[in-house]
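Me: Could you walk me through this one and tell me where the labels come from? I'd like each word set against its cut-off.

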Amino acid sequence: MLDPFVLGYLQGRWSAVPFDSRWASLHLACMQQRVVVITGASGGIGAALAELLAERGERTVLVARRRAQLQEVAARCGRESLTVIADVTERAQVNGVVAAALTRYGQIDAWVNNVGRGITKSVTELTDDDLDEMMRVNVKSALYGMQAVLPHFKARSRGHLVNVSSLLGRIPYVASRSAYSAAKHALNALTASLRVELREMFPEIHVSLVSPGAVATDFGLNSLYGGIDSRQLPKAQPALEVAQVIARLLDEPQADLYTRDSYHDQVAGYYAAADMADVERRPPFAPTLRPANLR
Ligand SMILES: NC(=O)c1ccc[n+]([C@@H]2O[C@H](COP(=O)([O-])OP(=O)(O)OC[C@H]3O[C@@H](n4cnc5c(N)ncnc54)[C@H](OP(=O)(O)O)[C@@H]3O)[C@@H](O)[C@H]2O)c1
């Protein structure tokens, strides 16, 4: 059913509606129109974002591999959410997500590449397979998402791509996250490169990067070789807070955003240091742990 203010507008009675209410109603109507794809929506940040957007009346396409968990999230989101079981490290399956979303809704307004996975292994121990897995899940998955949805965005001359990175994609605070940190650095570079590539021809296609610090999810437990539960980390940010930052970013596109203001200053301080090694000796750089301590 149409919002009474929107209905009023359609009936030519728009000028009788107070300005603030008109703006709020139009905003709500636009939000209801939006279709947002979220990868990694069966848990953690992706699930929190899905539920938040659904509460606001937006239509969501939820992507992950675990069917039961994804369906639980979808049930909390209500009827306007579509689940797609897909492994986003497989390009064909990501293309399938685009097809499923367009079949159901006919449009995609925003695509959030949220899938990611950590690792608990120092640089000296990394194998080829470790590095390949980090690049597959943190970089290639997002590349496939960007490349799959871009033809649709270009055809409409608008859209919003959001890549979820990490503070570790700017500063290698935790040496045992090694290849994860490297992969997120690569994701950051691809994100900025795409933004620059599109800016002249497609100014209404926004490309954003959002970088959380520690977040209280299963991320640590899901990391390759396990590791510390992210929920136990001091000052771990609630997933809902991160979701709120991403939701705001979808409303007001911005190139590069941290999920806490203090992270921006930390990054600026690290790169401005005359000798980065001085910064690396101080917290919040994590003390070096032996592998045995990590398992
Ligand atoms: N939590 C943190 O401390 C933290 C900090 C900074 C940045 N981040 C970033 O935030 C994002 C979300 O992390 P999170 O904390 O929510 O992690 P999480 O709790 O481990 O959730 C990861 C999500 O990704 C899905 N997923 C993993 N591999 C997939 C694949 N190959 N194909 C499809 N779905 C896949 C998982 O679902 P299925 O297993 O069902 O597929 C799950 O829904 C990641 O990019 C992460 O790097 C997290």
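Predicted model: local features only at pLDDT ≥ 70, side-chain atom pairs only at ≥ 80, totals over all residues.

Me: What makes β3 and β7 edge strands?
Reply: The open sheet has 7 strands in the order β3-β2-β1-β4-β5-β6-β7, with parallel pairing. Strands here are DSSP runs of E with at least two residues, helices are runs of H or I with at least four, and both are numbered from the N terminus. β3 (81-85) and β7 (256-258) each have a single partner strand, so one side of each has no neighbour in the sheet. On average, neighbouring strands are turned by 15 degrees against each other, direction ignored.

Me: How do you know that β2 and β3 pair?
Reply: Pairing takes at least two DSSP bridges between two strands. β2 (residues 59-64) and β3 are joined by 5 bridges and run parallel, so they qualify under that rule.

Me: Why are α3 and α9 called oblique?
Reply: Axes are lines fitted to C-alpha atoms, for helices over the stretch in contact, and angles run from 0 to 180 degrees between N-to-C directions. Angles under 35 degrees count as roughly parallel, over 145 as roughly antiparallel, 65 to 115 as roughly perpendicular, and the rest as oblique. The axes of α3 and helix α9 (residues 239-251) come within 8 Å and cross at roughly 60 degrees, therefore the pair is oblique. The contact, meaning C-beta atoms placed from the backbone lie within 7 Å, includes A48 and L52 of α3 and A243 and I246 of α9. By class, this contact has 11 nonpolar, 2 polar and no charged residues. Nonpolar means Ala, Val, Leu, Ile, Met, Phe, Trp, Tyr, Cys and Pro; charged means Asp, Glu, Lys and Arg; the others, Gly among them, are polar.

Me: And what makes α3 and α4 roughly parallel?
Reply: Their axes come within 9 Å and cross at roughly 20 degrees, so α3 and α4 get the label roughly parallel. In this contact A47, A50, E51 and A54 of α3 meet V73, R76 and C77 of α4.

Me: Why does the pair α6 and α7 count as roughly parallel?
Reply: The axes of helix α6 (residues 128-156) and helix α7 (residues 178-198) come within 9 Å and cross at roughly 20 degrees, hence roughly parallel. Among the residues that meet are M134 and L143 from α6, and Y180 and L190 from α7. This contact divides into 14 nonpolar, 1 polar and 2 charged residues.

Me: Which residues surrounding the ligand are the closest?
Reply: The shell has 30 residues, and the closest are G40, G44, R66, G116 and F219. To be near, a residue's C-beta atom, placed from the backbone, must lie within 6 Å. α3 (44-55) and α8 (219-222) each supply at least two residues of the shell, and α3 gives the most, with 3. The shell divides into 11 nonpolar, 14 polar and 5 charged residues.

Conventions:
Residues numbered from 1 in each chain as written. Contact = placed C-beta atoms within 7 Å.
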